[in-house]
Amino acid sequence: MPPDAPVPLSGIRQTVLQTLSWIALGGVSFGIAYFATHVNQPKPGDPGEKAPAGMVWIPGGEFSMGTDVTDGWDDEKPAHRVVVDGFWMDEHEVTNSQFREFVQATGYLTTAERAPDADELLSQLPPGTPRPDPADLVAGSLVFTPTKGKVKLDDFTQWWRWTPGANWQHPEGPESSIEGRENHPVVQVSWDDAQAYADWAGKRLPTEAEWERAARGGLEDQLYVWGNEAPTDEVDEASKFRANLWQGDFPYRNSAGDGFERTAPVKTFAPNGFGLYDMAGNVWEWCSDWYQRDLYKHRATNRVTRNPQGPQKSADPARPFTPQRSQKGGSFLCNDGYCSRYRPSARHGSSPDTGMSHVGFRCAKSPDKQPN
Ligand SMILES: [Ca+2]
Ligand SMILES: [Ca+2]
Ligand SMILES: [Cu+2]
């Protein structure tokens, strides 16, 4: 029937009925389709299991790990192809209140709350180092302390102070507390502490490759977790602060333009493309890998490396006697004038028994079955 032809009443009724049934059928088929895609079948790359609370699915895939940028550090070069399987990642750094739950449930005592062992200490120092006075072996941790003025940036002991009584509940020393900072990332945790928390939570620490895959948020070859635009020290409407970093002159003048001189509550700044917060800055995050400074140079000879778990043991000519685990993401102390290690390719090694006031962690978890 041509569209402008008069329609007999029965014809209208028929059309109405037909339309109604089409709608009904459409509704049912839409419902089936919706049910199939949203309930029965996982989204592409999704394992189809319910996401553990507070975790985000990071799709598996191939990506460029590391960087070739000229001002990158030697340990993050060269860029090389890596494949990781999909996994779950905590959407934010483990907070003080989450860590407190773990401590209350288990009675766990962190490394910084126990007096250091002389033999353990000496094993990480050059042979012939004199035995420390037992009176000096008190529980404590390293606290960032701004210098009085401009200093040469080649000696970090100028701004890291060994502080007796500093631990996760007293991040800047015995006088400080975490009251009012329940939602801030836990700090002053060693790699062993992070590992113990992850075990308790039924999770694990991410590998360096997983961490970097997650941090890039699905972007390829970008400098930062949000893209290529460098962070600035100046606030204006166009360039809102994207991460908790250091504005001003490191390590003596922190203008805290982003609102935070030290840690910020998790989820203060915008998430990356995967919905993860603070993958740049706030606190450094422990990874499961041993740290090997020249690892990427070896790995780059492979066409692609699948699910790398890190080297068998750590290796760093700069610290030959200290075993080190990897950390990623940089912290509130990072600034372009000093280290700019808030780039997703950047990495760093630290002794697994060391806690610091700018180091925390988050956890990962694998699905029971990888999606195909
Ligand atoms: Ca800051
Ligand atoms: Ca972080
Ligand atoms: Cu830094």
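Which residue follows helix 2, and is its phi positive or negative? Gly107 follows helix 2, with a positive phi near 70°. The model is predicted: local features need pLDDT of at least 70, side-chain atom pairs count only at pLDDT 80 or more, and totals for chains, interfaces and linings use all residues. Residues are numbered from 1 along each chain as its sequence is written, while chains are lettered from A and ligands numbered from 1 in the order in which they are written.

**Overall**
- The protein has six helices and 14 strands; these are DSSP runs numbered from the N terminus, with helices being H or I of at least four residues and strands E of at least two.
- Of its 372 residues, 38% count as buried (20 or more other C-beta atoms within 10 Å of the residue's own; exposed means 12 or fewer, partly exposed in between, with C-beta atoms placed from the backbone).
- Among contacts (C-beta atoms, placed from the backbone, within 7 Å) between residues at least 6 apart in sequence, 73% join residues at least 24 apart.

**Helix 2**
- Asn96, Gln98 and Phe99 are buried in helix 2, which spans residues 96-106.
- The buried residues of helix 2 line one face, because they fall within an arc of 165° seen down the axis (the arc is that of the directions from the helix axis to the C-beta atoms).
- Helix 4 (191-200) is included in what covers these buried residues.
- Gln104 and Ala105, on the other side of helix 2, are exposed.

- An open sheet of three strands has the order 2-3-10 and mixed pairing (two strands pair if DSSP finds at least two bridges between them).
- Strand 2 (61-65) and strand 10 (305-306) are at the edges with a single partner strand each, so one side of each has no neighbour in the sheet.
- Five bridges join strand 2 to strand 3 (residues 80-84) in the antiparallel sense; Glu62 has Val83 of strand 3 as its bridge partner.
- Strand 11 (residues 325-328) and strand 12 run antiparallel, joined by four bridges; Ser326 is bridged to Gly349 in strand 12.
- Strand 12 (residues 347-350) is covered on both faces, with Arg347 and Gly349 buried on one side and His348 and Ser350 buried on the other.

**Nonpolar core**
- The largest nonpolar core has 53 residues, of which Met89, Ala194, Leu205 and Ala214 touch the most other members (a core is a set of buried Ala, Val, Leu, Ile, Met, Phe, Trp, Tyr and Cys residues joined through C-beta atoms within 7 Å).
- Helix 4 gives the most to this core, with four residues.
- Not counting residues up to four places away in sequence, the residues that Leu205 touches include Ala194, Ala198, Trp286 and Phe361.

How values were computed
Two residues are in contact if their C-beta atoms, placed from the backbone, lie within 7 Å.
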